[in-house]
Amino acid sequence: MTSGATGRRMAGAVLIALAGLLSGLAWPVAETRADHRPNVIVVLTDDQRWDGFDVMPWLRGALEEPGSGWVNVPDTFANTPLCCPARASLLTGRYARHTGVQDNDDGGKLDESSTIATWLHEAGYRTGLVGKYLNGYPFGRLPYVPAGWDRFVAKRNQSGATVYRDFHAVDQGSPVFVHGYATDWLAEQAVEFVRTAPPSRPFFLLFAPSAPHPPWIPADRHVGAYAGLSVDEPPNVVGALRGAPPWVRSRPEPSATQRTLWLDDQRRADETLLAVDEALHAIVETLADRLDDTYIFVLSDNGYSFGEHRWEGKKCPYEACARIPLAIHVPATEPGALGVISMIDLAPTILSLAHVPPPASADGAGFSDLLEPHPGPVESRPAEAVYLEWVGDAEIPAWTAVRTSRFKLIRYGDGLEELYDIGGRIGPPDPWEMMNRVADPRYAGILARLRRLLGRHLGRV
């Protein structure tokens, strides 16, 4: 091992060692808790692809270890694959069209008096947010603490230069400027929140680092960690896209230089997740015995397309944008089959775990009964489908979609449709969404069923 590699490993261990030291100073855990409801931690990354856990070594190991309590949920989706709308849906359990937050400029429209923070706070939980809140916060106002948050440390992303280093934040309503690497500083705040949480009261923590959002700047200790990582180019970057909509067909085929740049960008994005992985490990180490009373959800607000369907970024209806990673630490039980899940399902699930009735306004369906121990069979079943949407802009027209475990139907505002046999139910599997089957007579029955599902959904909303 080279001295440089040794230095990086030692630096990467600092946060874990700090967590171990602080955990030794933590509140003593009583034999019995005054409130037996579980703690809940949500780790929300920014623009992480659905397969992004593969580059997080600690989390990957936990998911692979039998009996660890960690489970991977592969079919999870952002209802609107863009930062601010997705975060508003996480906080409320509502579709973007109902929160009013349909684009990244709409954060100020969220009703902050009715969120998972207010519901849990009113039910006796200690609540904390550390990291990115909503794009544009504080929305032209003076810095403030939104309703429901007992601890509120919000990172402000004012430009690309401040996503990872030397940034402004709001700590309990007071502006601060932080010199240093953002993920590490935010991790320290999250660890401190967990360390000081009284054992007699359950807590909810939303930890939201900015990684792996562009411009993909890893911590110094992680620079080059994945330089030699083999990254396969998806076939839908330059391959034939049969039946693609006009907005895709009109985009030029990327050059060899651009394709190489996308692969390099993906490696650097993966390197930024190493600090997130260390932060998650530190939080778990700080929990110590309280891990047995804690549900942890690790997910992203949306995915990110590195050239798939000729597109770079978010907002698209395809898997690269809308499919997100989800890992859950489930104490005391092996969860049942979870099926397809979307962002709006998280708030009702967390509320149910906390024994708080979800509000009637929530669009999502909770799946807490698939996570909690039960003496007998579980009555509920995994959801049949999830529904996705985008309001539209000058780059990508408005669309709605229905996604089941095997198929996806996309419908644009002008009525144009795309149907993909992702699981290969009738034809060959099409996980890259390269063959539009909407005109294939073999899929007539499937198309009719998905149209009915989408129609019922649109009729409800």
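Not counting residues up to four places away in sequence, Arg49 touches Gln266, Gly303, Tyr304, Ser305, Phe306, Glu308, Ala320 and Pro325; contact means heavy atoms within 4.5 Å. The model is predicted, so local features need pLDDT of at least 70 and side-chain atom pairs count only at pLDDT 80 or more, while totals for chains, interfaces and linings use all residues. Residues are numbered from 1 along each chain as its sequence is written, and side-chain values use heavy atoms, with hydrogens and water left out.

Arg49 is found in the loop between E1 and helix H2 (57-64). Helices (H or I, at least four residues) and strands (E, at least two) are DSSP runs, numbered from the N terminus. Arg49 is buried, with a relative accessible area of 12%. Buried means under 20% relative accessible area, exposed over 50% and partly exposed in between (1.4 Å probe, protein chains only). A polar atom of the Arg49 side chain lies 2.7 Å from the backbone oxygen of Tyr304. A polar contact is a pair of N or O atoms within 3.5 Å; within protein, one must be able to donate a hydrogen and the other to accept it, and residues adjacent in sequence count only if both atoms are side-chain atoms.

Which residues lie nearest the centre of the second largest pocket? They are Arg49, Asp51, Val231, Gln266 and Asp270, out of 22 lining residues. The volume of this second largest pocket is about 390 Å³. Helix H8 (residues 256-287) gives the largest share of its lining, four residues. On a 1 Å grid over the protein atoms alone, a pocket is an open set of points with protein on both sides within 12 Å along at least five of seven lines; a cavity is a set of points where a 1.4 Å probe fits but cannot get out; lining residues have an atom within 4 Å of a point. Grid points are joined across faces, edges and corners, and a volume is the space filled by probe spheres set on the points.

**Lys132 and the cavity**

The structure holds one cavity of 30 Å³ or more. The largest cavity has a volume of about 40 Å³. Its lining is Leu44, Arg87, Leu91, Leu129, Lys132, Tyr133 and Leu206.

Lys132 lies in strand E4 (residues 126-132). At 5% relative accessibility, Lys132 counts as buried. Leaving aside neighbours within four places in sequence, Lys132 is in contact with Asp46, Cys83, Arg87, Lys155, Asn157, Ala208 and His213. Lys132 and Ala154 are 22 residues apart in sequence, yet 5.6 Å apart in space, C-alpha to C-alpha.

**Lys408**

Lys408 is found in strand E17 (residues 407-412). Is Lys408 buried or exposed? At 0% relative accessibility, it counts as buried. Its side chain reaches the backbone oxygen of Pro317 at 2.8 Å. Beyond four places in sequence, the contacts of Lys408 include Tyr318, Glu319, Glu418, Tyr420 and Glu433.

**Aromatic rings**

The structure holds 17 aromatic pairs. Rings of Phe, Tyr and Trp (its six-membered ring) pair if their centres lie within 6.5 Å; planes under 30 degrees apart count as stacked, over 60 as edge-to-face and the rest as tilted. Two of the pairs are tabulated.

| Pair | Centre distance | Plane angle | Class |
|---|---|---|---|
| Tyr164 and Tyr181 | 6.1 Å | 20° | stacked |
| Tyr318 and Tyr420 | 6.3 Å | 75° | edge-to-face |

Tyr164 is in the loop between strand E5 (151-156) and strand E6 (165-171), and Tyr181 is in strand E7 (residues 174-181), 17 residues apart. Tyr164 is buried at 1% relative accessible area, and Tyr181 is buried at 7%.

Tyr318 lies in the loop between strand E11 (312-313) and helix H9 (319-322), and Tyr420 in strand E18 (residues 417-421), so the pair ties together parts 102 residues apart in sequence. Both Tyr318 and Tyr420 are buried.

Tyr133, Tyr137, Phe139, Tyr144 and Phe152 form one aromatic cluster. Charges also sit over rings. The charged end of Arg323 is 3.7 Å from the ring centre of Trp50, and that of Lys155 is 5.1 Å from the ring centre of Phe167. The criterion is NZ of Lys or CZ of Arg within 6 Å of the ring centre and within 35 degrees of the ring normal.

**Helix H10**

Helix H10 (residues 346-353) is mostly covered, with seven of its eight residues buried. The cover includes H3, helix H5 (116-122) and strand E8 (203-208). Just after H10, His355 takes a positive phi of about 65°.
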